[in-house]
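Hi,

Here is the model I said I would pass on. Have a look at it first, and then read my notes below.

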Amino acid sequence: MEQLMADLKKQIIEALNLKHLKPENIGDDQPLFGDGLGLDSIDALELIVLLQQSYKVKIDNPQDGPTIFRSVKSIAEYIRANQTA
Amino acid sequence: MKGPVHVAGIGVIAAIGKTVEQCMHSFRQHTSGIGDITLFDSVHRGVLPVGEVKVSNEELADMLWLPKHTSRTALLAIQAAREAVAHAGIDLKKWRTGLISATTVGGMDRTEVFFPDFSKDHSKGKLHDVVNHECGRSTELMADDLGIRHFISTINTACSSSVNAIALGTRLINHGMLDIVVAGGTDALSKFTLNGFNSLMILDKEPCRPFDATRKGLNLGEGAGFVVIVSDRVLQQEKKKSLAVVAGYGNTNDAYHQTASSPEGRGSYAAMQKALEMSKLDVNAIDYINLHGTGTLNNDVSEGTAVKRFFGERLPKMSSTKAFTGHTLGASGGIEAVFSVLALTHQCVFPNLRFETAMPEVDIVPQQKFEETTVNHVMSNSFGFGGNCSSIIFSK
Amino acid sequence: MSNIFITGMGNISPQKTWGDAPLLSEVTEHIHERLTCIEPDYTQWFDPRQLRRMSRVLKMGVAAGSIALKEANIAVPDAIITGTGYGCLEDTGIFLSKMVENKEEALNPTPFIQSTHNTIGSLIALMLQCQGYNQTYTQGAFSFENSLLDALLMIKEEPALKVLVGGVDEITDYSHTIQKRFGKFRERSESNLNLYKTEDGALNGEGAAYFVLSGEKSGKSAVSMEFVGTFYKADAETLQSGINDLLQQAGLTTKDIDFVLLGNSGDQHNDEALQDHAFLLFPNSSTGAFKHLCGEYPVASAFAFWLGVKMLQEQTIPWSIVLKNANRSLNNVLIYNQYFGTHHSFILLKSCRDSG
Amino acid sequence: MFISGTSIIRKQTVIHKGALAFENKSVSLDDFLTGAYNYLSPEYPKFYKMDRLAQLGFLATEFLLSDFPIKQYSPESVSLVLSNAHASMDTDVRYHESSKTSSSPALFVYTLPNIVSGEICIRHRIKGENTFFISPAFDAELLAAYVDQVMVQPSVQACIAGWIDVMDSHHDVFLYLVEKEQRGLALPHTAEELTKLYR
Amino acid sequence: MARAVWSIADSIISPLGFTSEENYSNIRKGLSGVKPTSNPQWNANSFMASALETVASSDASTRFEQMAIKALETALGSHTLPSDKTIFILSTTKGNIDLLDSEDADHPRIHLHAVAAYLADKFGFKRSIVVSNACISGVLALIIAKRFLESGAYDHAVVLGADVLSQFVVSGFQSLQAISASPCKPFDANRTGINLGEAAGVMILSTDPKMLGSKSSVRLLGSGVSNDANHISGPSRTGEELAQAIAQALKTSELTPDDIDFISAHGTATVYNDEMEAKAFNYAGMSKIPLNSLKGYYGHTLGAAGVIETIITIHGLLQNELIPTRGFDTFGVPKEINVCSQLQSKPLKRILKTASGFGGCNAALVVEKVNQ
């Protein structure tokens with residue numbers, strides 16, 4: 001789980017081009033959207049693509065985004081719960 | 001020297017018809033143009049419904065006597081523009097005539113043919129497939145076809161483009177710089193836009209249901225709509241009938257988000273307001289609104305909220321015709337301008353197909369039947385990515 | 001006089017065209033088959049978070065717009081009008097190649113969102129929270145001229161308006177490879193300063209320039225735009241009567257033109273025609289060229305617009321642009337642009353020092 | 001009668017409908033011709049067998065007809081009226097050289113100016129009449145007058161006409177399409193317009 | 001209604017004579033210009049051809065020009081044509097190509113337009129044009145002249161068709177293996193190819209019937225030209241395109257195939273050409289109409305052929321005589337045609353002249369006798 005979250009942080013920085021951040025700047029429970037990291041709905045769509053490409057986890061309804069992408073931890077939990085392998 | 005700027009001719013091609021008359025027939029019969037993809041290959045074929053113009057490129061090219069590698073965007077445009085010019089029945093060469101077209105994809109449908117070969121080997125891919133890639137090229141092909149040289153322009157403000165084209169044409173006539181303008185917009189379906197909108201997860205896998213509580217997104221469509229607008233002097237001298245006048249228009253930016261509209265629809269509200277101010281009409285004078293109404297969760301709430309705020313409790317009849325045609329992007333404003341003029345000339349309003357239950361967020365109940373009724377002033381809304389919002393009013 | 005003043009300018013180009021150095025005191029030599037913009041450090045104006053999703057063309061455009069507004073000393077303009085022939089090519093190319101590579105599965109939305117032509121202008125609006133008129137023209141080599149014309153109409157309609165008008169176009173690896181295959185652009189790497197000495201064709205270029213236009217003079221606004229005219233596939237006679245009409249409406253004749261800034265591109269066929277025609281129309285004017293500095297691209301006239309205004313403001317003619325010097329003082333500068341023989345345009349800039 | 005399109009090749013530059021379409025001045029004429037062929041990539045390997053006159057004619061018509069669906073006319077209703085100053089002399093000289101050792105039949109078949117007409121007809125399936133005039137210089141009067149007479153033949157709908165000259169590295173091609181119907185920006189078919197367009 | 005175009009005078013310079021009448025009477029006698037020819041300038045070995053040995057170049061003019069001048073002088077005779085109302089049309093494929101062999105390879109009149117200008121100047125014609133469209137040049141030149149006269153651009157036309165033998169042409173046809181070692185046999189089962197020949201012919205056309213004087217004459221009716229769009233040196237496999245040119249000629253003459261009394265075919269005596277023509281005449285519904293080829297008398301005279309063959313056929317038309325096909329004895333084409341093999345008398349009203357050539361071109365012209 002720790003490793004997964006560490007990987008996710010790196011991947012999020014890369015995918016969303018958050019070059020001003022380092023993985024250690026992102027807390028496991030820190031909110032990603034709104035006031036937290038300041039991400040928006042386009043970033044949410046990018047994260048959906050990230051999960052599909054890197055973890056083969058599909059999210060069909062973008063309305064589920066806000067819950068799943070609340071924090072790095074919630075993303076990791078969602079991946080664990082939905083990965084078929 | 002401002003005088004009324006008249007609409008003297010209209011032409012349209014869309015999923016519900018290749019001509020104005022065919023579209024009117026579909027409206028009367030409540031026949032939607034939404035269906036499966038049949039004319040191009042895509043993994044989304046059979047999954048995502050679209051509003052396709054059911055004529056292949058080859059047939060279109062043959063019909064129009066144009067080369068087969070012409071981009072579909074230009075072919076659709078030329079078909080609609082020729083209809084509009086023929087309808088106006090004025091020799092364009094006798095006057096200072098301009099062409100203002102709008103498109104968002106330009107020659108993308110051909111670039112997609114070019115690109116797979118090109119990406120494997122940069123010396124491959126047939127160049128005649130990319131030569132007309134630029135949006136402006138489709139307008140130049142039209143200008144060459146219609147014999148217009150005096151002024152040409154292409155607007156791409158995403159889905160609000162064609163309303164801006166008609167507005168610019170009106171201004172150029174008002175400033176005495178042009179006598180006649182052929183204005184409108186065109187866009188062909190392409191894999192590029194289909195996949196783009198799919199990546200945004202705003203495409204409905206069912207036929208779209210604008211303003212319905214169960215709506216899940218939009219269906220893409222294609223087509224072109226053009227109007228021939230003329231100065232008062234041209235109308236008099238050519239002894240033509242005015243189909244409608246351009247009463248007002250407004251162009252604003254929502255400045256809220258790259259793709260989403262503000263929840264209260266501030267940009268759309270401001271666009272309607274500007275248009276109404278220019279028309280000097282009372283808000284209650286508007287008889288019918290041709291809504292943008294794409295069928296996405298976001299747009300319909302935002303637009304609905306703005307409309308409710310703007311018109312108050314006494315709402316005019318209104319509908320989105322996108323349930324018939326799909327969302328035709330850069331062409332939508334042009335196609336819907338033609339529909340708005342038809343509402344005036346035929347004294348009718350168009351149904352908002354597939355509406356059943358009002359949205360919980362904002363109570364909008366659109367027109368559900370084709371209906372003949374008194375229509376003196378029509379408003380048409382077109383909003384786009386990047387927050388571009390435009391609204392236009394046509395009057396009898 | 002038209003009373004349309006240029007009150008601020010921002011220009012990112014293959015030359016060092018921002019900052020305080022005297023006009024083109026140093027000319028940058030590029031030895032490459034294409035001219036690429038010299039880009040400033042954008043973080044001096046923007047928060048890195050604002051820049052993270054932006055492609056190169058967006059950064060160039062947004063920065064040029066921001067410099068222009070700063071120079072005009074206004075925070076938010078009343079309208080934003082952008083001309084771009086190609087639009088956002090980089091994002092278009094990324095989305096297209098991913099679409100082909102991934103066979104239409106799992107595509108990133110960002111490049112698609114930012115592939116539309118209006119991204120540049122609407123991003124400026126979003127960053128400035130500008131809810132006013134917002135427009136994007138994409139008519140090849142008329143894109144910038146169409147934008148100027150719109151601004152001109154707008155200020156005539158409402159003189160108090162402050163309009164941000166620009167022209168932006170980028171080269172990408174894909175676009176350059178394809179354009180080279182059309183054979184119009186030169187294929188050899190050689191100095192841009194030798195552009196007019198060889199016959200190999202035009203030099204591919206790019207740039208982003210924004211201007212604040214207003215009906216009210218302010219600050220450095222000693223220059224006005226008198227007219228802008230576009231001519232699609234016009235012959236020499238049409239061009240001649242066209243320029244005469246435009247001049248007449250501005251109360252001028254060809255004799256009043258002190259300097260003609262010509263759109264020679266290095267493509268000998270069209271350059272000869274342009275030059276012959278210009279010498280015929282304006283035998284006593286000085287002439288100069290600018291595309292060896294910025295290259296050929298649809299909105300190259302925006303670079304010329306910047307150059308012309310600068311020349312009038314500073315009352316200097318940079319040595320590097322002169323084709324023929326008639327030793328005249330600078331009051332009227334005419335930009336006479338052409339794009340591969342099909343698109344011709346005229347823009348007249350006028351110094352208004354004397355009229356107070 | 002109306003001129004609905006033009007295509008010019010001179011100074012190793014192709015101008016199609018007034019716009020620069022392809023250019024390459026830094027190579028030999030032959031390499032320029034192959035370059036323009038590769039640019040169009042029409043997949044017509046017979047091109048490589050043609051002499052320069054035919055290659056020029058092939059390329060010029062390829063550009064001329066690239067945005068015009070000539071195939072919508074019946075093959076019999078399209079005509080060709082071409083002219084030049086040097087006839088097939090460019091190839092005549094080469095053939096003559098070859099004939100001193102062993103005559104090349106492949107070259108000999110190109111020692112007639114109208115072979116280029118034949119190549120164009122084959123490529124575009126044109127079966128209407130063709131004529132080849134030899135004039136000291138581009139003769140707008142002759143073309144305007146004669147093409148009009150061809151166009152009034154009841155079966156004729158369109159005519160590809162113009163000037164196509166090559167001798168050593170000198171080359172000058174001006175082809176245009178004439179139709180009965182005026183479409184778009186078509187110009188009237190007069191000697192005056194032709195002179196302007198040729199310039 | 002287009003103006004009528006009359007033929008008012010003609011001439012032929014060939015091994016068979018220096019006037020049209022002399023040529024016609026020698027052909028009636030069955031004489032031929034084709035015989036073994038030895039001329040080291042043309043070929044190291046002797047070959048079968050119709051060479052005009054009695055004309056040589058002068059200091060001022062080449063052989064080609066000498067022949068042309070003689071033909072023009074004879075045809076023009078006492079006719080004076082107003083120079084501004086007369087067009088001079090030269091039909092030739094190679095003109096002075098033999099200058100390439102001479103020491104004077106840069107001779108200005110190696111260019112066809114320059115020869116035409118030189119001849120026009122000599123005879124005081126202000127306007128000259130050159131038609132060089134392979135072996136249909138002669139017929140095509142007549143068609144072009146007719147059109148210029150019908151349109152009113154000119155009142156008179158002088159059409160000269162001429163070509164000479166040369167090392168260039170002889171070696172070329174040899175390289176194509178098209179030359180027969182024996183006198184050619186058009187439409188014959190044993191045909192083995194062409195003979196080359198040289199000649200000059202002139203036809204003077206006019207819209208002014210007064211120029212005819214009192215003699216019977218002929219007028220040019222409709223015409224048709226087409227292209228095979230098949231092969232640059234081989235004829236069409238089907239003959240459809242020549243048939244199309246013939247149909248066009250009939251249509252513009254407002255005639256049907258039955259209105260044609262006689263055909264002067266191209267008949268080069270190559271295997272494929274003659275086959276193609278046979279198919280074409282069938283397509284055109286003319287398989288029963290008597291036809292001939294005159295190549296057995298003159299060989300293939302290239303740019304001159306269309307003019308001199310039309311002249312001989314017109315003389316036959318005026319005399320009501322069918323000239324036989326010299327060299328033909330065993331029918332040898334895959335479709336039935338009526339090859340004329342004996343001199344016959346028959347009332348004649350209209351003839352059709354056809355030609356086909358390299359580049360896939362075909363031409364057809366109808367000529368009608370008008371009894372004054």
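**What I found**

Let me start in chain E, where F187 sits in the loop that runs between helix 5 (167-175) and strand 7 (196-197). Keep in mind throughout that this is a predicted model. Most residues other than glycine have a negative phi. Is the residue E:F187 buried or exposed? E:F187 is buried, with a relative accessible area of 0%.

Chain E has another case of this kind. E:A269 is not a glycine either, yet has a positive phi of about 80°. You will find E:A269 in the loop between strand 10 (262-264) and helix 7 (271-283) of chain E. E:A269 counts as buried because its relative accessible area is 0%, and the cut-off for buried is under 20%.

**Inside chain C**

Now for the domains. Chain C splits into domain 1 (4-214) and domain 2 (223-351), and their C-alpha centres are 21 Å apart. Each side puts residues into the contact: 49 from domain 1 of chain C and 49 from domain 2 of chain C. Between them, the two domains bury about 3,900 Å², with 70% of that on carbon and sulfur atoms. On the domain 1 side, C:L23, C:F142 and C:Y196 supply 20% of the area buried against domain 2 of chain C, more than any other three residues.

How many salt bridges cross between domain 1 of chain C and domain 2 of chain C? The rule finds 0. It does find 14 residue pairs in polar contact across that interface, both residues being at pLDDT 80 or more. As for which elements of domain 1 of chain C touch domain 2 of chain C, strand 1 (5-12), helix 6 (143-157), strand 5 (162-169) and strand 7 (207-214) of chain C each supply at least two residues. Helix 6 of chain C gives the most to that side, with 6 residues. By class, the domain 1 side that touches domain 2 of chain C has 27 nonpolar, 16 polar and 6 charged residues.

**Between chains B and C**

Next, the chain-to-chain interface. Here the contact takes 65 residues from chain B and 56 residues from chain C. The buried area between chain B and chain C is about 5,200 Å², and carbon and sulfur atoms give 60% of it. B:R171, B:F192 and B:Q258 supply 14% of what chain B buries against chain C, more than any other three residues.

Across the interface of chain B and chain C the rule finds 4 salt bridges.

Several elements of chain B each supply at least two residues of the side that touches chain C, including helix 5 (135-146), helix 6 (161-174), helix 7 (191-199) and strand 9 (244-253). The largest share of that side, 8 residues, comes from helix 4 of chain B. Sorted by class, the side of chain B that touches chain C has 25 nonpolar, 28 polar and 12 charged residues.

Cheers

Methods. Residues are numbered from 1 along each chain as its sequence is written. Chains are lettered from A and ligands numbered from 1 in the order in which they are written. This is a predicted model: local features need pLDDT of at least 70, side-chain atom pairs count only at pLDDT 80 or more; totals for chains, interfaces and linings use all residues. Side-chain values use heavy atoms; hydrogens and water are left out. Helices (H or I, at least four residues) and strands (E, at least two) are DSSP runs, numbered from the N terminus. Buried means under 20% relative accessible area, exposed over 50%, partly exposed in between (1.4 Å probe, protein chains only). Domain bounds come from an automatic or database domain assignment. Contact means heavy atoms within 4.5 Å. Buried area is the accessible area (1.4 Å probe) that two parts lose on being put together, summed over both. A salt bridge is a side-chain nitrogen of Lys or Arg within 4 Å of a carboxyl oxygen of Asp or Glu. A polar contact is a pair of N or O atoms within 3.5 Å; within protein, one must be able to donate a hydrogen and the other to accept it, and residues adjacent in sequence count only if both atoms are side-chain atoms. Ala, Val, Leu, Ile, Met, Phe, Trp, Tyr, Cys and Pro count as nonpolar, Asp, Glu, Lys and Arg as charged, and the others, Gly among them, as polar.
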